[in-house]
Amino acid sequence: MSTTAPTAPTAPVAGVAAAPGTTATTTPRAARKRAVRPDGTPRWAELAAGATVWTTVPSGLWRLALGVGIPVGFSGELAAVFENNTPGWGTAYLVTLSGLAEFLAFLTMGLVRPWGEVVPSWIPLIGGRAVRPLAAIVPAAIGSAVLTYIGTSSLFGGWADQLNDPEAPQGLAAVVMTLCYLPMVAWGPLVAAVTFAYARRTLGRRR
């Protein structure tokens, strides 16, 4: 008769694949690693950059509605101006403004994508060249500061002053317009956060 006591199963060692039929335990360290891409970009920065792109969409759609002649609540002389110029040159202006805002917001993605560190090869003359970090950091930092100032000023009085204009949208129309523009308040702070992550990653490699 054997007197050997049964041996307790050994827990899987972190970093070693578990045998078939067993369950590997995910360690906190492994979870943290998955929160950072191989190039050092944190997951939160990717999410913030993606959110930045969406901050300009609602206001852009609102301007497009105005540009095609849909009544959005203006009255008096303002309403007459829009009625006389949309559709028309006013439409072109509003479409251009919306497209420019979305393009600028999309540039934030470059701070979390390879094309923010190496110029895409299809761009003439400079394709394939490394992007100097400060060439991206300085404009992004200035842009985030300006956007944050505008958003803060609008949030604390500026927007309310515009709505006090008797020709501005009132009631439900004012609520809709406000909700469409409210996400833009987050535009500046989001760009600032993504810029910080980009600077920390790229400047850290140059040390």
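**Pockets, cores and aromatic pairs in a predicted model**

User: Which residues lie nearest the centre of the second largest pocket, and how many line it?
Analyst: Leu 66, Phe 82, Gly 90, Tyr 93 and Leu 94 lie nearest its centre, among 14 lining residues. On a 1 Å grid over the protein atoms alone, a pocket is an open set of points with protein on both sides within 12 Å along at least five of seven lines, whereas a cavity is a set where a 1.4 Å probe fits but cannot get out; lining residues have an atom within 4 Å of a point.

User: What should I know about the model itself?
Analyst: It is a predicted model, in which local features need pLDDT of at least 70 and side-chain atom pairs count only at pLDDT 80 or more, while totals for chains, interfaces and linings use all residues. Residues are numbered from 1 along each chain as its sequence is written, and side-chain values use heavy atoms, with hydrogens and water left out.

User: Which helix gives the most to the lining of that second largest pocket?
Analyst: Helix 5 does, with five residues. Helix 3 (57-67) and helix 4 (76-85) each supply at least two residues as well. Helices are DSSP runs of H or I with at least four residues, strands are E runs with at least two, and both are numbered from the N terminus.

User: And the largest pocket: what is its volume?
Analyst: Its volume is about 1200 Å³, and that of the second largest pocket is about 230 Å³. A volume is the space filled by probe spheres set on the grid points, which are joined across faces, edges and corners.

User: How do the residues lining the largest pocket divide?
Analyst: There are 33 nonpolar, 10 polar and one charged. Ala, Val, Leu, Ile, Met, Phe, Trp, Tyr, Cys and Pro count as nonpolar, Asp, Glu, Lys and Arg as charged, and the others, Gly among them, as polar. Helix 6 (133-163) gives the most to this lining, namely 17 residues.

User: Changing topic: how many residues has the largest nonpolar core?
Analyst: It has 15, and those with the most contacts inside it include Ala 49, Met 109 and Tyr 198. Such a core is a set of buried Ala, Val, Leu, Ile, Met, Phe, Trp, Tyr and Cys residues joined through side-chain atoms within 4.5 Å. Its largest share, five residues, comes from helix 8. A second, separate core of nine residues includes Leu 66, Leu 94, Trp 159 and Leu 163.

User: How many aromatic pairs are there?
Analyst: The structure holds five. Rings of Phe, Tyr and Trp (its six-membered ring) pair if their centres lie within 6.5 Å; planes under 30 degrees apart count as stacked, over 60 as edge-to-face and the rest as tilted. Trp 62 and Tyr 181 are edge-to-face because their planes stand at 70°, with the ring centres 5.6 Å apart. Trp 159 and Tyr 181 are tilted, since their planes are at 40°, with centres 5.4 Å apart.

User: Is Trp 62 buried or exposed?
Analyst: Trp 62 counts as buried, at 9% relative accessibility. Buried means under 20% relative accessible area, exposed over 50% and partly exposed in between (1.4 Å probe, protein chains only).

User: What about the backbone: where is the cis peptide bond?
Analyst: The cis bond joins Thr 86 and Pro 87, with omega about -5°. Pro 87 lies in the loop between helix 4 and helix 5.

User: And which phi value does Leu 125 have?
Analyst: Leu 125 has a positive phi of about 70°, although it is not a glycine. Leu 125 is exposed, with a relative accessible area of 82%.
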